[in-house]
Amino acid sequence: MTSGAGDREVSIVVVAPETEIRTQEDTGASWNTVVSNGKGARKSPPDCTGFQKGTAFWKNLQLVVLETKLSVLFPAIPLAIVADFYSFGKPWIFGFSLLGLAPLAERVSFLTEQIACFTGPTVGGLLNATCGNATELIIAMFALRQRKIHVLKYSLFGSILSNLLLVLGSSLLCGGLANIKKEQRYDRKQADVNSLLLLLGLLCNLLPLLLKQVMGKGPATAYSTLQLSRVSSIFMLLAYAGYIIFQLKTHRHFFESQQEDGEVEEGEEEGAVIGFWSAFIWLVGMTVFIALLSEYVVGTIECASDTWGISVGFISIILLPIVGNAAEHAGSIIFAFKNKLDISLGVSLGSATQISMFVVPFCVLVAWIMHVNMDLDFSLLETGCLAFTIVITAFTLQDGTSHYLKGAVLVLCYVIIAACFFVYKVPQDELDSYPGIKPFTGVFAS
């Protein structure tokens with residue numbers, strides 16, 4: 001409205017009361033302010049969506065990549081890709097890929113736990129059971145695709161040894177030293193269940209070997225061993241399915257006591273630190289890189305063996321499982337330091353049981369679908385070491401108490417077995433049966 005006063009004109013502007021409306025998206029973005037005037041016109045502040053997304057991405061990057069102590073090994077991932085692209089040499093590709101798998105395996109375990117916070121205990125337990133040994137399973141699939149059955153068997157056998165002797169042994173050793181004035185106790189029920197399943201898996205590995213020894217070599221023996229292995233694998237998977245039902249449904253209290261103790265002490269710190277979809281996207285990305293590096297590892301292991309003068313068996317049985325079990329190893333030791341042996345046992349024994357009763361028979365059945373002849377015969381030396389490992393682990397856990405000497409004995413057993421496979425050379429007739437392997441040579445061959 002305008003009014004005149006002499007030579008001057010005065011303009012009076014009437015502004016209707018403004019109403020401030022706040023909205024928030026379900027994605028957790030910051031509040032957006034919308035200003036509405038009396039005539040219905042709307043004004044909004046400058047768009048900050050891009051800045052908010054960038055901030056959220058940087059926060060997730062810090063939590064997923066930089067929060068782990070193994071983050072110093074993440075540069076090995078692009079180095080492995082660059083080494084492959086520019087053909088630096090297969091031993092370099094193998095070395096960088098092996099280093100890059102360690103932080104990826106640890107982060108997959110972390111992301112699986114984050115997703116489990118949103119899915120509930122049942123689905124979360126199944127997810128942990130599926131992704132707990134994702135690195136070993138992916139390496140096994142690539143080895144199977146490239147028809148390197150020896151690498152597949154060696155890596156799975158080594159993973160069981162690593163969990164039962166190295167991971168469990170170092171946890172008992174460190175926990176005993178940290179709590180040397182206390183008597184460390186744990187619930188035997190969980191250990192008994194896992195020991196029974198490991199003995200069942202040992203029986204399924206032992207029978208094909210005994211069948212070969214009784215029937216002798218020949219096409220009929222190979223056919224019978226293969227059929228026995230496939231049937232045994234089906235029953236092993238059924239037994240593992242029963243174990244999952246036992247663990248998550250019917251006898252859940254056997255496995256929940258240690259989790260409740262951890263939740264009481266750590267409180268809200270056990271909750272999710274990133275969103276569900278963020279964790280899922282990061283998990284998919286990490287799995288893709290694990291698949292890529294696993295393909296590099298399987299494709300270059302023989303060249304690395306020749307160049308470094310280390311047998312394929314030692315690399316597959318000792319080095320690969322140590323990388324794949326990095327997450328279990330670190331977590332189990334941390335819980336043992338806190339005098340939570342039930343959780344340490346659940347990590348080590350649960351992972352070994354999963355490899356023996358799920359991953360191994362699953363690979364046999366997948367090989368059957370791919371028309372690849374893979375049986376459960378892990379040869380005499382490997383099966384003997386596996387039997388000894390399961391028996392000494394069962395004896396170690398039979399009384400429900402622990403001290404540092406038990407852990408030291410398990411670790412020493414692992415070192416001795418590792419030394420055995422370091423000096424062990426694959427016989428020439430077995431080398432001839434695998435066309436991709438060359439005789440062992442190198443600086444330590446003499």
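Analyst: **A close look at one position**

Ile 138 has a relative accessible area of 15% and is therefore buried (buried means under 20%, exposed over 50% and partly exposed in between, with a 1.4 Å probe and protein chains only). The model is predicted, so local features need pLDDT of at least 70 and side-chain atom pairs count only at pLDDT 80 or more, while totals for chains, interfaces and linings use all residues. Residues are numbered from 1 along each chain as its sequence is written, and side-chain values use heavy atoms, with hydrogens and water left out.

Ile 138 belongs to helix α5 (helices are DSSP runs of H or I with at least four residues, strands are runs of E with at least two, and both are numbered from the N terminus). Setting aside neighbours within four places in sequence, Ile 138 is in contact with Thr 287, Ile 290, Ala 291 and Ser 294 (contact means heavy atoms within 4.5 Å). Leu 292 is 154 residues from Ile 138 in sequence, and their C-alpha atoms are 9.6 Å apart in space. For the chain as a whole, 79% of the contacts with a separation of 6 or more are between residues 24 or more positions apart. The chain has 16 helices and seven strands, and 45% of its 446 residues count as buried.

Arg 147 has a phi near 60°, a positive value in a residue other than glycine, and counts as partly exposed at 45% relative accessibility. Ser 87 also has a positive phi, near 55°. Ser 87 is in the loop between α2 (76-85) and α3 (90-119), and at a relative accessible area of 60% Ser 87 is exposed.

Ser 162 is buried, at 1% relative accessible area. Apart from residues within four places in sequence, Ser 162 contacts Val 167, Pro 321, Asn 325 and Tyr 414. The charged end of Lys 153 sits over the ring of Phe 378, 5.9 Å from the ring centre (NZ of Lys or CZ of Arg must be within 6 Å of the ring centre and within 35 degrees of the ring normal).

The UniProt record, an unreviewed entry, carries the annotation "transmembrane region" for several spans, among them 154-180 and 404-424 (positions are given in the numbering used here, feature names are shortened, and annotations may be inferred rather than shown by experiment). In the model, residues 154-180 are 93% helix and 0% strand, with end C-alpha atoms 36 Å apart. Residues 404-424 are 95% helix and 0% strand, and their end C-alpha atoms lie 30 Å apart.

Another buried serine is Ser 356, at 5% relative accessible area. Ser 356 lies in helix α13 (residues 341-369). Not counting residues up to four places away in sequence, Ser 356 touches Ile 160, Leu 198, Gly 201, Met 236 and Pro 361.

Helix α7 (residues 188-215) and helix α8 (residues 219-250) have axes that come within 9 Å and cross at roughly 175° (axes are lines fitted to C-alpha atoms, for helices over the stretch in contact, and angles run from 0 to 180 degrees between N-to-C directions). The two helices are therefore roughly antiparallel (under 35 degrees counts as roughly parallel, over 145 as roughly antiparallel, 65 to 115 as roughly perpendicular and the rest as oblique). Residues making this contact include Gly 201 of α7 and Met 236 and Tyr 243 of α8.

Tyr 243 is also part of one aromatic cluster with Tyr 240, Phe 358 and Phe 362. The whole structure has 12 aromatic pairs (rings of Phe, Tyr and Trp, its six-membered ring, pair if their centres lie within 6.5 Å; planes under 30 degrees apart count as stacked, over 60 as edge-to-face and the rest as tilted). Trp 277 and Phe 280 have ring centres 5.8 Å apart and planes at 85°, so this pair is edge-to-face. Both residues are in helix α10 (residues 276-308), three residues apart, and so are separated by about one helical turn. Trp 277 is exposed at 60%, while Phe 280 is partly exposed at 37%. Phe 421 and Tyr 424 form an edge-to-face pair, 6.2 Å centre to centre with 90° between the planes. Phe 421 is buried at 1%, and Tyr 424 is partly exposed at 22%.
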